[in-house]
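Welcome! Please have the sequence and the 3D view at hand.

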Amino acid sequence: MNFVDIIRKKRDGLALTREEIEYFAFSAADGSVPDYQLSALLMAICFNGLNGRETLELTDAMARSGDVADLSAISGIKGDKHSTGGVGDKTTLVTAPIVAECGVKIAKMSGRGLGHTGGTVDKLESVPGFRSSLSPEEFTAVVNGCGLCVAGQSGRLCPADKKLYSLRDVTATVDNISLIASSIMSKKLAGGADCIVLDVKCGSGAFMKDRESAKQLAEKMVEIGRGAGKKIAALITNMDSPLGNCIGNSLEVAEAAETLRGNGPEDLTELSVLLAAKLLELAGKGDFDYCKALAMSKIKDGSALKKLAAMISMQGGDPEYIMAPSLLPTANLKLDITASESGYISHMNAAGIGSACVELGAGRHRKEDEIDHGAGIVLNKKTGDAVKKGEVIASLYSSKNEFLDIAALQFEKSVTFSEKKPDEIPILLEIIE
Ligand code: URA
């Protein structure tokens, strides 16, 4: 097969055959086609799209391009959750132990931060001793031991996506719905769970800025999952401002632990419970309302918090940091940001706040950068809150003074004020089943 013919065909707006799509995915995985040809095809796909069949076949080929997790040694129903990425999104740390405590095993592979968005693996590594890099045998033993495991993605899972994602990142070809859907769903299918709940974020901090494109992405991913025999649903949720009050790795672990203790911010508690309830419903534990109450009961009785501590412990971390989150490291320099006007916060641009957090040292500019687990932002006020000029709206934490100055400018640019209270956007916008 000649790769130039495949590029030309897509450039001219024609649909590719299954064989051509498999050739694309497998040669991305084994390195047999150069980056410039893969990138040219990605750009042709961005211009001319993939139809439903091509998207399914690309997802399937990418999922088969490397190892597929074998969860057969784990008994019972296995659940997985995926967020399309946001700012302050620590829902996995709340939702996963709730679901596990209700008897549905969570065998989850998570990623690191990407751009202005955070990653669960980086957050969990704030806990001293925690190991995210596990062999398949260790992964199975942790799930069998405590009902859940959150590990880093194995290098051999979906190598085609790994290659194509890195090229998309630097060739302006990330934001195509078929490419995003096949990238996410190939990893979910290779992850091997029976039931999947997707959190498709929408708004200023999300890949999908508007509701219509979030809906299209959600529908596409649900269709792919269903076609592969999975029980799957997607929640379209508001990511126009950061989720919860804390952004940054150890700050977010502490906030997740507080949420599991019943003292979390309303938006984070609500979304985590909704995601847990939908996954429990998919796993056959009852209807959505019953599952919401069941999920909430695991916060109220403290059992989900103990479940998270048990997982941390089985993955080498010190569970004391979950039971007493004030022990988690916080960077030693602090800068308060005050309101420049009286009135209301009319908007907090989530991507801008996420970028300020990266500047503080909580995220990476380059793949190889070390992150500062104690760096981050605590919001005292959020979109819609009344403020007085000079009142502290947020505190920035970093280990370097120069980082604080850059982040403060970025933060201030991301917040706007108004005299009138802005309309409230609910956390849950729609459910796609
Ligand atoms: N997350 C992914 O894993 N892939 C994408 O393409 C976008 C977000």
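A salt bridge here is a side-chain nitrogen of Lys or Arg within 4 Å of a carboxyl oxygen of Asp or Glu. The model is a predicted one, where local features need pLDDT of at least 70 and side-chain atom pairs count only at pLDDT 80 or more, while totals for chains, interfaces and linings use all residues. Residues are numbered from 1 along each chain as its sequence is written, and side-chain values use heavy atoms, with hydrogens and water left out.

Searching the whole structure gives 32 salt bridges. Three of them are set out here:

| Pair | Closest N to O distance |
|---|---|
| Arginine 18 and glutamate 22 | 3.5 Å |
| Arginine 364 and aspartate 122 | 2.9 Å |

Arginine 18 and glutamate 22 share helix α2 (residues 18–30), where they are 4 residues apart, about one turn of the helix.

Arginine 364 is found in the loop between α16 (350–362) and β9 (376–379), and aspartate 122 in helix α6 (residues 120–124), so this pair ties together parts 242 residues apart in sequence. Aspartate 122 has a relative accessible area of 3%, and buried means under 20%, exposed over 50% and partly exposed in between (1.4 Å probe, protein chains only); aspartate 122 is therefore buried.

Arginine 211, in contrast, is partly exposed at 39%.

Technical notes: Helix = DSSP H or I, 4+ residues; strand = E, 2+ residues; numbered from the N terminus.
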